[in-house]
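Please find below a colleague's note, arranged as numbered points. It is intended to be read alongside the sequence and the structure.

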Amino acid sequence: MTRKMTGATHEKNNCRPATTMRRFTTALRAWRTRRHENAPPTDHTESPAPEPVPGASTLWRMRTTVQDEPGSLAALCTALAGHGVDILSLQTHPLADGTVDEFLLRAPGELPASGITTAVRTAGGTETWIERADAHDLVDAPTRVLGLAARTALDAAELPLALRQLLGRCTIRSQPAPAGGDRAPGGVPVEGALDDTVLRLRAPEGGVITVERPYLPFTPTEFARARALVELDARLGPRVPHGRDVLTLAEGSDITVRRADTRDLEPARAMHERCSDRTLRLRYHGPVGDADRYLNHLLSPRFGRTLAVQTASGRVVGLGHLLWDGDETEVALIVEDAWQRRGVGAELLRRLVAMAVDAGCASVYAVTQASNTGMVAAMRGLGLPLDYQVEEGTLVITARLGEPVASRAGELGSASTP
């Protein structure tokens, strides 16, 4: 997990963390336990509904399993029609002993989810799952898959997001390959593995991408679609968008903000070597050990997106990370000492949050120390609702993303995009 990695990577890399490091890890785990149940919604057949409006309709996504025999689907459709439910789309997922039918339904607003599932059960449907849908679900499956493939082809960091949109509400985690070996952890075969509610796919760099959806088993069709996206990513190799913004600071210096990945490992390492112990301690919550290992992780598009700040001479002086943490998103910043207090960190943070909004994230969080006034000020500068959790000196600030965040680059001076 990202939170454990950024705060406790040193333990995993056989470095001895300081006492402050152990306190940070303990506090963070306690906070995570209170916040994270990592459980599916409590009831998928009784989604909360607003007061019904006469004549209004409601969109639902529904899955049910029927016997693979003539007339079973017809009986199901007849039962739904009897309640005034319109079938907008239907996908079938063949199984060894039946068929999973996935529907997009438009139902009368006064008809509750329980009324639909009761009709389906009476018509022979089993293992029925239902939840509210929205206008985005009106796009047919082939069009949606092609769109996700196009996004993945343009940006390697899109793969986890594409998988989540493809498979619905799920948790996606990436595990790197063991150091010094070429075998994937857990012995996952090259073709991947399907185990009921868990998918395991070999990542292009040799690690494993794990997708979990406890409330709804995956079908072989979904497994094949997910594997095709991962294979596309592997064939295309490392890639990030080439766009970059040139900003002029108030004192006249030009900086460039661009996407970065593992190919920027050397300049990123050099920047860390120029940073003071205090800057590194505030960023990593303790002593910094083997930079190569954690920078490889942070810069990898598999775990999120990274922005680099570069001077006119080409020197990297700041890094901002948007890290996919299961079903949550973390933001993290580091700016070289000589470039601090110029608004560079705030600009990085605004851009990262705007990227999180574009990715459909509901919130972002930053893990820091209570004494890190710079990070606190940058989070407050977003103008978003903030939640604070403090325990034993560890501060977790969560920003709720209700609307797009403008970059407001004018605070730094002028900007241009080559």
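How many helices and strands are there in the protein chain?

1. Overall make-up. The model discussed here is a predicted one. Its protein chain contains twelve helices and 17 strands. The chain has 418 residues, of which 49% are buried. Its exposed surface comes to about 19700 Å², and carbon and sulfur atoms supply 52% of that area. Among contacts with a separation of 6 or more, 67% join residues 24 or more positions apart.

2. The largest nonpolar core. This core comprises 36 residues, and Leu 322, Val 331, Leu 349, Val 364 and Met 379 have the most contacts inside it. At least two residues come from each of β10 (254–260), β11 (304–311), β12 (316–325), β13 (328–335), α11 (344–358), β14 (363–369), α12 (373–380) and β16 (394–400). The greatest contribution is that of α11, which gives seven residues. As general background, nonpolar side chains in soluble globular proteins tend to be buried together.

3. The surroundings of Leu 322. Which residues is Leu 322 in contact with, leaving aside its neighbours within four places in sequence? They are Phe 303, Gly 304, Arg 305, Thr 329, Glu 330, Val 331, Leu 352, Met 355, Ala 356 and Val 364.

4. Helices α5 and α7. Helix α5 (residues 141–154) packs against helix α7 (residues 220–236) at an angle of about 25°, and their axes are 9 Å apart. Because an angle under 35 degrees counts as roughly parallel, α5 is described as roughly parallel to α7. Their crossing is right-handed. On the α5 side the contact is made by Leu 148, Ala 149, Thr 152 and Ala 153, and on the α7 side by Leu 229, Leu 232, Asp 233 and Leu 236.

5. Helices α5 and α6. The axes of α5 and helix α6 (residues 159–167) come within 9 Å and cross at roughly 170°. Angles over 145 degrees count as roughly antiparallel, and therefore α5 is roughly antiparallel to α6. Here Arg 144, Val 145, Leu 148, Arg 151 and Thr 152 of α5 meet Leu 159, Leu 161, Ala 162, Gln 165 and Leu 166 of α6.

6. Helix α9 and the residue after it. The buried residues of α9 (residues 277–284) are Thr 279, Leu 280, Leu 282, Arg 283 and Tyr 284. His 285 follows α9 and has a positive phi, near 65°.

7. Two loop residues with positive phi. Most residues other than glycine have a negative phi. Asp 196, however, has a positive phi near 60°, and it is found in the loop between β6 (193–195) and β7 (198–202). Arg 341 likewise has a positive phi, near 65°, and is found in the loop between β13 and α11. Is each of these residues exposed or partly exposed? Asp 196 is partly exposed, with a relative accessible area of 46%, whereas Arg 341 is exposed, with a value of 79%.

8. The position of Thr 262. This residue lies in the loop between β10 and α8 (265–274). Thr 262 is partly exposed, with a relative accessible area of 30%. Although Thr 262 and His 297 are 35 residues apart along the chain, their C-alpha atoms are separated by 8.3 Å. Not counting residues up to four places away in sequence, Thr 262 touches Asn 296, Leu 299 and Ser 300.

Definitions and conventions
Residues numbered from 1 in each chain as written. Predicted model: local features only at pLDDT ≥ 70, side-chain atom pairs only at ≥ 80, totals over all residues. Heavy atoms only, no water. Helix = DSSP H or I, 4+ residues; strand = E, 2+ residues; numbered from the N terminus. Buried < 20%, exposed > 50% of the residue type's maximum accessible area, 1.4 Å probe, protein only. Contact = heavy atoms within 4.5 Å. Areas by Shrake-Rupley, 256 points an atom, 1.4 Å probe, with all protein chains shown as cover. Core = buried A, V, L, I, M, F, W, Y, C linked by side-chain atoms within 4.5 Å. Axes fitted to C-alpha atoms, helices over the stretch in contact; angles between N-to-C directions. Parallel < 35°, antiparallel > 145°, perpendicular 65-115°, else oblique. Left-handed = near helix turned anticlockwise from the far one by under 90°.
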